[in-house]
Amino acid sequence: MVTSPLVSIEARDRTPIYAQLDRGLRAAIATGRIQVGDQLPTVRQLAVDLRVNANTVARVYAELERA
């Protein structure tokens, strides 16, 4: 398992990484760990923290922004 202060990614989980990241960020918002006005980590920083491709993080951030 790889974690950041906001979300964890489980390598053994069959769920795609982008779906785990999306689910984790939405859960952080729902539980109040991310508040209105909080600054999210940069795409690059979260990708480094979670050891995932930056394009994956950018995709999830874009989807959350659209939602």
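Biologist: What pLDDT do local features need?
Modeller: Residues are numbered from 1 along each chain as its sequence is written, and side-chain values use heavy atoms, without hydrogens and water. This is a predicted model, in which totals for chains, interfaces and linings use all residues, side-chain atom pairs count only at pLDDT 80 or more, and local features need pLDDT of at least 70.

Biologist: In what order do the elements of the chain run?
Modeller: The chain has 3 helices and 2 strands. From the N terminus on, the order is β-β-α-α-α.

Biologist: What is the radius of gyration of the chain?
Modeller: Taken over C-alpha atoms, the radius is compared with the globule rule, 2.2 Å times the number of residues to the power 0.38. For 67 residues the rule gives 11 Å, and the chain is close to that, so it is as compact as a globular protein of that length. The radius of gyration is 11 Å.

Biologist: How far does helix 3 reach from its first C-alpha to its last?
Modeller: Helix 3 covers residues 54-66, which is 13 residues. The expected span is 1.5 Å times one less than the number of residues. The reach is close to the 18 Å expected, at 18 Å.

Biologist: Within what arc do the buried residues of helix 3 fall?
Modeller: Buried means under 20% relative accessible area, exposed over 50% and partly exposed in between (1.4 Å probe, protein chains only). The buried residues of helix 3 are Thr 56, Val 57, Val 60, Tyr 61 and Leu 64. Seen down the axis, with directions taken to the C-beta atoms, they line one face of the helix because they fall within an arc of 130°.

Biologist: Which helices do the buried residues of helix 3 pack against?
Modeller: Asn 55, Glu 65 and Arg 66 are exposed on the other side of helix 3. Contact means heavy atoms within 4.5 Å. The buried residues pack against helix 1 (17-30) and helix 2 (43-50).

Biologist: Which residues is Asp 22 in contact with, leaving aside its neighbours within four places in sequence?
Modeller: Asp 22 is in helix 1. Asp 22 counts as buried because its relative accessibility is 16%. Beyond those neighbours, Asp 22 is in contact with Val 60 and Leu 64.

Biologist: At what relative accessibility does Ala 58 count as partly exposed?
Modeller: Ala 58 is found in helix 3. Ala 58 counts as partly exposed because its relative accessibility is 33%.

Technical notes. Helix = DSSP H or I, 4+ residues; strand = E, 2+ residues; numbered from the N terminus.
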